[in-house]
Amino acid sequence: MAFLFQKFQEAVRTLAKSPTFAKDPRHLQFEADINRLFLYTSYKRLGRDAEDADVEEIIDMADKAQLADQKNQVQENIHFQIKTFCTCMDEIVLPNPKSIDEPLKLSPERKTAPRHTGLGLAIGRTAPSKVGPDVPETKPLKLTELSQKFKDLIGYTLELKPSKIPHKEAGQGLFLNGQADVGAVIAFYPGVIYSPAYYRYIPGYPRVDAQNPYLITRYDGTVINAQPWGAGGDTREVWDGSSASEPRPNKPGDETGSDRVWKLLSKPLPGTQLGRNREVLERRNPLAFAHFANHPAKGVEPNVMVCSYDFPLSEKEMRTYIPNILFGSREEVKMKRFGSFWFKSGNSGSDIPVLKTLVLVATRALCDEEVLLNYRLSNSKKRPSWYTPVDEEEDRRRWS
């Protein structure tokens, strides 16, 4: 199996340098990433009993298949793993896993109306809160207990502990406990999802990252804020994205000329103008910790990469295990990007609505080690002292 994986790695290196991908640098990097993800996730789907002919066929497909076909296959491969994850979670937390299609029952502690929060009082709510969605009864397991049971079924789980990166700002690190194959989904990036149409509602806008290191952006411009998710919880609950404190306001003098241009073009809006969506989410999700993955130290290779995953909302029985909620309307607004700015260009609907999320995918076999992600920070701004580019050219292409 190790020999077959070497073939995959060589294919990744060769195809990533191919001049036939695209002329636009940013799109070139997008295609290279899709190509890598196609190889890694397809390799994972083949399984450990894969034959040489199967591997050769996938490598050949990666060289010849259209980008759209590879992208669709990546989504299918990831969704296949997510379904397995959800099945395991059902087995662990539901009193009777077979009852997933039966009417949901309220647990005793959920039959009372939710308490009013300080935030609700502060904004002057004039009408009583609506009772949220029904929360099904689950086994009374703490996150740590559930995480161990998950490892027993899947072979790995995640832990938070001090990072091994030799830098004072490394803080908490994300560690894999157990073993995972290359191409495996290692972690979900949890939190609140903002489409470009709702950038102005991101806390701290326009300098959204000034006090919040838990933001990540997909290639399509979707931003995910993991700060409210924090380290999860010990229950399945109705979650609206307001469980944790938000970034502090910018200090006077922090604004740059670019910030002032943003404010002139697009006045920041208070988040209270749009009601947050409320979803029943499993806060004990043992893999919802991607936002704690650190950037590798100098000379160390990352062992995971980000993968956009469009979760189909038609999969209602799986929804509670996807640790994200959408900010704003579910109606997708089509946006066009011009330089650093996004503009509305009409509405865009799809046959199956999706939740635009992110997962981390292993780029090699992992065993009891820290999870390291290439942050690919933009070179147009001053980078922090701890950041050493893994590949400067990739960084430039990603943010060109």
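Reader: What is pLDDT here, on what scale?
Author: pLDDT is the predictor's confidence in each residue, from 0 to 100. This is a predicted model, where local features need pLDDT of at least 70 and side-chain atom pairs count only at pLDDT 80 or more, while totals for chains, interfaces and linings use all residues. Residues are numbered from 1 along each chain as its sequence is written, and side-chain values use heavy atoms, without hydrogens or water.

Reader: What is the mean pLDDT of the chain?
Author: The mean is 80, and 73% of the residues reach 70 or more. Over residues 99-129 the pLDDT is below 50; that stretch has 21 contacts (heavy atoms within 4.5 Å) beyond near neighbours in sequence.

Reader: And over residues 244-268?
Author: There pLDDT stays under 50, and the model has 34 contacts beyond four places in sequence. Where pLDDT is low, the predicted coordinates should not be read in detail.

Reader: Switching topic. How many residues are in the largest nonpolar core?
Author: It has 63. A nonpolar core is a set of buried (under 20% relative accessible area, 1.4 Å probe, protein chains only) Ala, Val, Leu, Ile, Met, Phe, Trp, Tyr and Cys residues joined through side-chain atoms within 4.5 Å. Ile186 is among the residues with the most contacts inside the core.

Reader: What does Ile186 touch?
Author: Leaving out residues up to four places away in sequence, its contacts include Tyr156, Leu158, Leu287 and Val371.

Reader: How do strands S7 and S8 pair?
Author: S7 (residues 236-239) and S8 are antiparallel, over four bridges. Strands are DSSP runs of E, at least two residues, numbered from the N terminus; pairing takes at least two bridges. Glu237 is opposite Leu281 in S8.

Terms used
Buried means under 20% relative accessible area, exposed over 50%, partly exposed in between (1.4 Å probe, protein chains only).
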